[in-house]
Amino acid sequence: MYDTNHLGHHLRSASVGRDETLYAEMLDGRTLSYGEMFSAAEKNAAALQKVGLSPGDCVAAQLEKSIESIQLYLGTILAGGVFLPLNTAYTPSELEYFLADAKPFIFVCDPETAPTLEGLAAQAGVSKVLTLSSDGTGTLMEALPTHTENFKEVARAKDDLAAFLYTSGTTGRSKGAMLTHDNLVSNAQALQQCWHFDRHDVLIHALPIFHIHGLFVATNVTLCAGASMLFMPRFNSETILSLMSKATVLMGVPTFYVRLLESPNLSPKTVAPMRLFISGSAPLLAETHKQWSAVTGAEILERYGMTETNMNTSNPYEGERRAGTVGMPLPGVEVRITDADSGQQLGQGEIGSVEIRGPNVFKGYWQMPEKTKQEFREDGFFITGDLGTMDGDNYLSIVGRSKDLIISGGYNVYPKEIEIILDDVEGVYESAVIGVPHPDFGEGVLAVVVLTGDTSQNENGIKNILQQKIAAFKRPKNIFFVDELPRNTMGKVLKNILRDRHKDNFIKS
Ligand code: MLC
Ligand code: AMP
């Protein structure tokens, strides 16, 4: 008997009776069948239960990408836990916040970082620290039982939590988005249907697995379809091109496509075995979409989502994939454009706030009921903070953001978080962080800084300090020094002026 509310049930139902089917192939030639995958997931679940995990407890993990970490994710779900993946680029001081806020029962990290992180986890009230390295060794692996007879996933209701994912905030404080079993099940099913995923598909998996894109979209859709994947530890253009001969689908952020287009080996012949190229997490330039079609003869399918809502819209599988648009609402998902202040729905072609309602929309921010309330309309629509417009054929275009957010290579950077840290640096009077066009990452992070009069502080000095405190992808690639920041009469920094002034500044690294 399976529990039909349970994400675990949906992830394994397509492979029941097909234990031998290939689930994943690694670059070193190792393979894993569905039977092996779920047996390992059950062992993980049993090990987590043995160290005391109760249903509803959180398992946080900061791990290099490996198939074993996917097994830990599935094991957590089967044991009724709540999985919290954390970016491997986070520094200890960033992790301190997440652990103290989420208060996971178990924290799993790399054996190499464990000596530094164990004390920090204990201080945050974590009960147990386990380790897992990308080569599949560590105390978690030692704790796995040799077999798990008659394991049954712990029953969960639709509304029970399956995952926490942190998303940064305009205030600089990250918020834990609470995702339920139904959020993840409904979205995986909608995507599987829209993208025609079936058991014959082979996905090139080159995304990180600590975000909704690589973990839920890529992994859940593959599992729900009983398909398989070529599992890469990280993005690499030439490896992806060489894998296309035995794959059918690629999911990537726009930077993937920008970089693949730079390769002389990209051609109609290389992509011929592939049936689908999907892009999301950041705007795909219409120019990149067109260039891809011109070079390969294939059309990228762009979709739109966010941590709080999973996927919202997708260009059609059959039908026109319109460059510069993110397509139509997914089945069961409602999208509307409103006037941000009044909440009044706007007409076709008008630009306004993008709002979403449906089974895909999260339950709220962890321990932030007020913040959660602010982001929802009374009728249940979630205010995304994106600005968009819907055309007569129901294609949505994202034209900007009302939230002060930079998306660099698919990673979100909230300027306020960086400004708080910059303003704290000795010799810095004030700062403004902005996103400017970047040829590789789409947007690049740039800081404009006013120094105090009596300091010898400089760009390298500031960069060295930031290195200790924040993940590399968040660090400003360039820092500009000015005498004062442009402000309006209310004293608010005019970031539009700064973005305009610096839009052509080449970012070196
Ligand atoms: C790496 N660096 C970045 C960066 N990625 N800097 C800014 N933005 C990024 N995205 C830094 C590195 O730390 C390094 O810094 C330098 O840039 C060069 O790194 P690289 O070797 O070129 O980077 P690479 O490893 O190739 O990574 C680039 C990338 C990666 C695009 C492949 O960023 C990536 O996988 N992005 C995908 C992110 C993602 O999955 N987002 C989904 C979010 S979910 P230094 O200082 O060490 O030289 C979501 C919802 C939705 O948004 O809709 O899906
Ligand atoms: P995150 O908070 O990391 O989940 O990022 C979500 C944000 O990424 C959305 O609110 C959008 O601003 C942006 N985003 C995702 N997909 C697209 C897309 N296809 N086009 C434009 N922006 C996108």
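Q: How far is an oxygen atom of ligand 2 from an N or O atom in the side chain of K403?
A: This is a predicted model, where local features need pLDDT of at least 70, side-chain atom pairs count only at pLDDT 80 or more, and totals for chains, interfaces and linings use all residues. Residues are numbered from 1 along each chain as written, chains are lettered from A and ligands numbered from 1 in the order written, and side-chain values use heavy atoms, leaving out hydrogens and water. The pair is a polar contact (N or O atoms within 3.5 Å), and its distance is 2.7 Å.

Q: What percentage of ligand 2's area does the protein bury?
A: Areas come from the Shrake-Rupley method with a 1.4 Å probe. Taken alone, ligand 2 exposes 500 Å². The buried part of that is 94%.

Q: Which strand gives the largest share of the shell around ligand 2?
A: The ligand is surrounded by 15 residues (a heavy atom within 4 Å), R303 being among the closest. Strands here are DSSP runs of E, at least two residues, numbered from the N terminus. Five of the shell residues come from residues 300-306, that is, strand 13.

Q: Is D440 buried or exposed?
A: D440 sits in the loop between strand 23 and strand 24, and its side chain makes a polar contact of 2.7 Å with the side chain of R259. Buried means under 20% relative accessible area and exposed over 50%, with partly exposed in between (1.4 Å probe, protein chains only). Because its relative accessibility is 19%, D440 counts as buried.

How values were computed:
Polar contact = N/O pair within 3.5 Å; in protein donor to acceptor, adjacent residues only side chain to side chain. Helix = DSSP H or I, 4+ residues; strand = E, 2+ residues; numbered from the N terminus.
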